Amino acid sequence: MTTIIDQQGKPKLGAADLRLKNNRLGMTIFQISWIMVFLALIIVNWQLRFSYSQWPPAGVAPFDPLLPSAATLALLLSSVLVRRGLQTLRRNHLGGFLMRWRGAMVLGLAFMAIIVYEFASVSDAAMATQYGVTMRLMTGFHFVHALAILAIMARVYRGGAAGSYSGDERHSWPVEGTAKLWYFVTLAWLMFYVVLYWIR
Amino acid sequence: MATIAVPLGAQGEQQEADALRRPALSDYLRWSVDHKIIGVQYGVSAFLFFMIGGAMAMLIRLELWTPALDVMVSGAAYNSLFTIHGTIMIFLFIIPMWAAFGNFVVPLQLGAKDMAFPWLNAFAFWLIPPAAVIVLLGYFVSPAEAGWTSYPPLSTLFSGDGQTLWALGAHLLGISSIMGSINFIVTIFNMRPPEMTLWRMPLLCWAVLATSIIAVMATPFLAGALTLLLLDRVAGTTFFDAAGGGDVLLWQNIFWFYSHPAVYIMVLPGMGVLSEVLSVHSRKPVFGYRMVGLSSMGIAFVGFTVWAHHMFTSLQPELRIPFMITTMIIAVPTGIKMFSWLGTIWGGKIRFTSAMLFALGFLSLFVIGGISGVMLAALPFDIHVHDTYFVVSHFHFVLFGGSVFAVYAALYHWFPKVTGRMMNERLGQIHFLFTYFGFLFTFFPMHVVGMLGMPRRVAVYVEAFQPWNQLISFSAFVLGFSSFIVIYNVIKSYYHGPIAGANPWRALTLEWQTTSPPPATNFADDPIPFEDPYGYGTEASGAYLDAVDEAFSGAQPARSGSH
């Protein structure tokens, strides 16, 4: 990391380092901020449970967690691959980065396909209550985020294939930033997954 | 040990000439990533909305001149009028106005060349005009009638399509606020010069930091609530309809989890302004600097624990007392600030500039708003005056007596830095007198009519309240008139005011260690902050300020009271 020395002899960051530092802090704050929307939806789900004497409401079958668990596993593996891809890029191994990034995108697509199926499979009985409606609200809201960030991952992949990034962290912020957004998608889903499928 | 650093912002002759060139009018009408331009864009547009919202307030007071419905065509029209008035004042005036001063002043106080994310900064501002158009369009199409709080079922079953546009516009404004706040936090943490530790940071920056933390944590809840409201209105969901398994209190919980902290978004920057203005114009260090900084963070934190006091009359009984206690606790950090400000001006060489007058006005009026806040925190009293004019009085003492007076103090204080010219002090004093007494006689009597039982949000009332309402309306018209004095002063001073020089108030914070207006990059070189941003009255600070005057002697500083 390059530094310049100011008039009082204290180290001061160069422009590229400062930009990276700003990007990292900005991303962290954004993540903390935006996770609050997901938290708000969990509170919505929680408060609406009290409108009913039982949850799921009488006459509504609970959601089967099997497929969503498989989707969750795919998303977690996808995040691990994203992490490994970033580490590989840091070692200047572009081919390894692209391979892992590609795998992460495939797993992300698998996650989204299962979620779309789950979204479409909500029964009419469930949709007649807040049990089904909040499920669609939460998965739909999460899906929009996953789709947008997957599109950004595809864009980063193209950039990587064109050789736009290097192991120098100052020249690979798009990769790092996108990885952090994907972790965000994963964390948000884990919260929803537990609330929707395991807490009754 | 005193650090008498020669400011490095000193310019060469050509640079100084360039710096003194004020941006052209057209610079303010187009996309710019310069935080100073963006600050002015925020400020001018927010003041424009203040005038629109103020005109609506005048209409409200005209309607209330008599007990009968005689100005508005119907009660519904009156409902939509106070709805758009509150919406404009909160979302389009106060919050963006603090973004104006934050944008212009904070990077300068930090010695930075710009905000951390200049493009994002511009984008955050340019979300506001379309959001405003959407909200205002709704008023003219089929207006929202549910008040700025938009409680269901009023906002879901009874309001017109304007309510949908209201929610869309509020969504955009929330996104703008989050973007701006992220920018402020990163700028404050990462862009300070190495010599400026957090404990040497100006208190406006502390206040903006606390405000931004609230905004990034709370605004997403508003986004969640608005999303549900939109779905209920356009997609047939029933999140807020008990008949469909929903819960009307769901909106109140989520909305107030944002909107009570949002009160501090509207007030905390004003408190930061007060610390600056009182110290500079009293020539004294801020009393209890660290406690003032920490109290801003304390308010930000405790502000998240009080939201349900807005629901005292609908809340489960066992939850009322805890929220009563947390609401009272928030008076502690606020009280720390009040005592600090009193300690700051105590024994100081007070200069009764217009900025100082408005700061003192804030001090006196905010105390009243704070005390009525503690009264409202007391559950038995709150239930007694629930939804009466007492509540209207309380929040106007906080948001007008607090925020707007601080906006005016900030305007008179930093106008010389923004434009390079001083404002007319005599006009400023007249403006203060009209505003202060207009405000006091508008809103103080509302305490009385509120306690006597006059409900808020009604166009028709019992005749016994008419004398009070006529006093209130007359004072409101005086208050409305006062706005034109400051507009005249701004325009006159912009073109004909005395040249300000770099540091007309002989202030120690870094925004004054560069030309007025500052050059595009703010400082010719990295400026060195004085060891204490409020260390007035010492030999070292005098030497530092003399060095600043000497460095910028090309533009003779105008002293306070010299014009």
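Over which residues of chain B does pLDDT stay under 50? In this predicted model, pLDDT, the predictor's confidence in each residue on a scale from 0 to 100, stays under 50 over residues 1–11 of chain B. The model has 35 contacts beyond four places in sequence for residues 1–11, two residues being in contact if their C-beta atoms, placed from the backbone, lie within 7 Å. Residues 555–563 of chain B also stay under 50, with 29 such contacts. Where pLDDT is low, the predicted coordinates should not be read in detail. The model scores ipTM 0.92 and pTM 0.93.

Two conventions apply to the description. Residues are numbered from 1 along each chain as its sequence is written, and chains are lettered from A and ligands numbered from 1 in the order in which they are written. Local features need pLDDT of at least 70 and side-chain atom pairs count only at pLDDT 80 or more, while totals for chains, interfaces and linings use all residues.

Chain A has 6 helices and 2 strands; these are DSSP runs numbered from the N terminus, with helices (H or I) of at least four residues and strands (E) of at least two. From the N terminus on, its elements run β-β-α-α-α-α-α-α. The radius of gyration of chain A, taken over C-alpha atoms, is 21 Å, well over the 16 Å that the globule rule gives for 200 residues, so chain A is more spread out than a compact globule. That rule is 2.2 Å times the number of residues to the power 0.38. The C-alpha atoms of chain A fill a box of roughly 70 × 40 × 20 Å along the principal axes. Buried residues make up 31% of the 200 residues in chain A; a residue is buried if 20 or more other C-beta atoms lie within 10 Å of its own, exposed if 12 or fewer, and partly exposed in between, with C-beta atoms placed from the backbone. Ala110(A), found in helix 3 (residues 94–120) of chain A, counts as partly exposed because it has 17 C-beta neighbours inside 10 Å.

Where the chains meet, 27 residues of chain B are in contact with 28 residues of chain A. On the chain B side, helix 7 (162–190), helix 8 (203–234) and helix 9 (248–282) each give two or more residues, and helix 8 provides the largest share, 7 residues. This side divides into 18 nonpolar, 6 polar and 3 charged residues; Ala, Val, Leu, Ile, Met, Phe, Trp, Tyr, Cys and Pro count as nonpolar, Asp, Glu, Lys and Arg as charged, and the others, Gly among them, as polar. Helix 7 of chain B is mostly covered, with 23 of its 29 residues buried.

Phe362(B) is among the residues that touch the most other members of the largest nonpolar core, which holds 223 residues. Such a core is a set of buried Ala, Val, Leu, Ile, Met, Phe, Trp, Tyr and Cys residues joined through C-beta atoms within 7 Å. Beyond four places in sequence, Phe362(B) touches residues including Leu274(B), Phe405(B) and Ala409(B). Gly428(B), in helix 16 (residues 425–452) of chain B, is buried because 25 other C-beta atoms lie within 10 Å. Leaving aside neighbours within four places in sequence, Gly428(B) is in contact with Ser354(B), Tyr412(B), Met423(B) and Asn489(B).
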